[in-house]
Amino acid sequence: MDKPLDFELDKDGNVARKRCRRPSCREMFPVEEFPRDRRNKDGYGSICRFCRTKDMRKWRKGHLARIEKNREAVIKEHGEEYFEKQKREWEESRPWRRWSIRTRERLYSSGLDVSKITRAEIEGIGSAAEVCGICNQRLDWTDSTAAKKGPDTPILDLPYSDTVVESERVWVICRGCYTAKGGRTLQEYVAYCMGISDRFSEWLHGISTPEDD
Ligand SMILES: [Zn+2]
Ligand SMILES: [Zn+2]
């Protein structure tokens, strides 16, 4: 008997369906059921997303058990207060972590597709952002609590108003600019600002150099 095919091509010769490489699975799925992976020629990974989800659950279970074990050991040796203090200090030294969790949650619950961006990628983008992409003001990373929302609180923004969030198409701006920009694309927002600038430039010019009149 012939070995079953690992790929099915569409009429244009692109891979339409492929077989999951995991021996316990070996199912054929449409390529969309595989995570994107640029290292593969067809642009998709070798393990289907169902197997990936199972892996993730298994990893988390083991990981949480390890964290709990570590927590108990530290508390036993140094006490609960010490443990809480250490935890707080560790979290404060990495504000991007909590920011990335909240950001991904916010994007997801506003109906955007976040399957193409990981939490770690968002954290990386945050930790590299010192100033607002629009106004160039320094971003306030010290405020990592959701409750306090100052104008220089960093926000991950989609300058092209995409519905799919991708790491190459996002940037970090301050809350002040985010609010002013509203739902506009960056292009629309710049046009909007230029309209205001045109309308008030003479007035502004009059104020700044009154001796010209
Ligand atoms: Zn699979
Ligand atoms: Zn700004």
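Is S161 exposed, partly exposed or buried? With 13 C-beta neighbours inside 10 Å, S161 counts as partly exposed. The cut-offs explain the label: a residue is exposed at 12 or fewer such neighbours and buried at 20 or more, so a count in between is partly exposed. S161 sits in the loop between strand 4 (154-157) and strand 5 (171-174). Its backbone is worth a look too. S161 is not a glycine, yet its phi is positive, about 50 degrees. Most residues other than glycine have a negative phi.

Now step back to the whole chain. The model is a predicted one. The protein chain holds six helices and five strands. Along the sequence, they follow the pattern β-β-β-α-α-α-α-β-β-α-α. The C-alpha trace spans about 95 × 65 × 25 Å along its principal axes. How does the radius of gyration stand against that of a compact globule? A compact globule of 213 residues would have a value near 17 Å, but the protein chain has 25 Å. Burial comes next. Of the 213 residues, 13% count as buried. Contacts across the sequence can be counted as well. Among contacts with a separation of 6 or more, 41% join residues 24 or more positions apart.

The domain assignment divides the protein chain into domain 1 (15-89) and domain 2 (95-182). Their C-alpha centres lie 24 Å apart. One pair of residues gives another distance. N14 and Y178 are 164 residues apart along the chain. Their C-alpha atoms are separated by 40 Å.

Three strands form an open sheet in the order 1-2-3, with antiparallel pairing. Strand 1 (7-9) and strand 3 (28-30) stand at the edges. Each has a single partner strand, so one side of each is left without a neighbour in the sheet. From one strand to the next, the twist averages 20 degrees. Strands of a sheet pair through backbone hydrogen bonds, either parallel or antiparallel.

Take the pairings in turn. Strand 1 and strand 2 pair in the antiparallel sense over three bridges. Within this pairing, E8 has R17 in strand 2 as its bridge partner. The two strands form a hairpin with five residues between them. In the turn, G13 has a positive phi of about 85 degrees. N14 also lies in the loop between strand 1 and strand 2. N14 has 11 C-beta neighbours inside 10 Å, so it counts as exposed.

Strand 2 (residues 15-19) also pairs with strand 3, again in the antiparallel sense and over three bridges. Which residue of strand 3 is the bridge partner of R17? It is P30. K18 stands opposite F29 in strand 3. In a regular strand the side chains alternate between the two faces of the sheet.

The loop between strand 2 and strand 3 holds R26. R26 has a phi near 55 degrees, a positive value in a residue other than glycine. R26 is exposed, with 12 other C-beta atoms within 10 Å.

Helix 1 (residues 49-78) has 30 residues. From its first C-alpha to its last, helix 1 reaches 42 Å. That is close to the 44 Å expected at 1.5 Å a residue. How many of the 30 residues of helix 1 are buried? The number is zero, so helix 1 lies largely in the open. An α-helix has 3.6 residues a turn, so residues three or four places apart point the same way.

G79 follows helix 1. Its phi is positive, near 95 degrees. Helix 2 covers residues 80-93 and has 14 residues. Its reach from first C-alpha to last is 20 Å, close to the 20 Å expected at 1.5 Å a residue. Helix 2 is hardly covered, and the count of buried residues among its 14 residues is zero.

Conventions. Residues are numbered from 1 along each chain as its sequence is written. Chains are lettered from A and ligands numbered from 1 in the order in which they are written. This is a predicted model: local features need pLDDT of at least 70, side-chain atom pairs count only at pLDDT 80 or more; totals for chains, interfaces and linings use all residues. Two strands pair if DSSP finds at least two bridges between them. Helices (H or I, at least four residues) and strands (E, at least two) are DSSP runs, numbered from the N terminus. Axes are lines fitted to C-alpha atoms, for helices over the stretch in contact, and angles run from 0 to 180 degrees between N-to-C directions. Domain bounds come from an automatic or database domain assignment. The expected span of a helix is 1.5 Å times one less than its number of residues. The radius of gyration is taken over C-alpha atoms; the globule rule is 2.2 Å times the number of residues to the power 0.38. Two residues are in contact if their C-beta atoms, placed from the backbone, lie within 7 Å.
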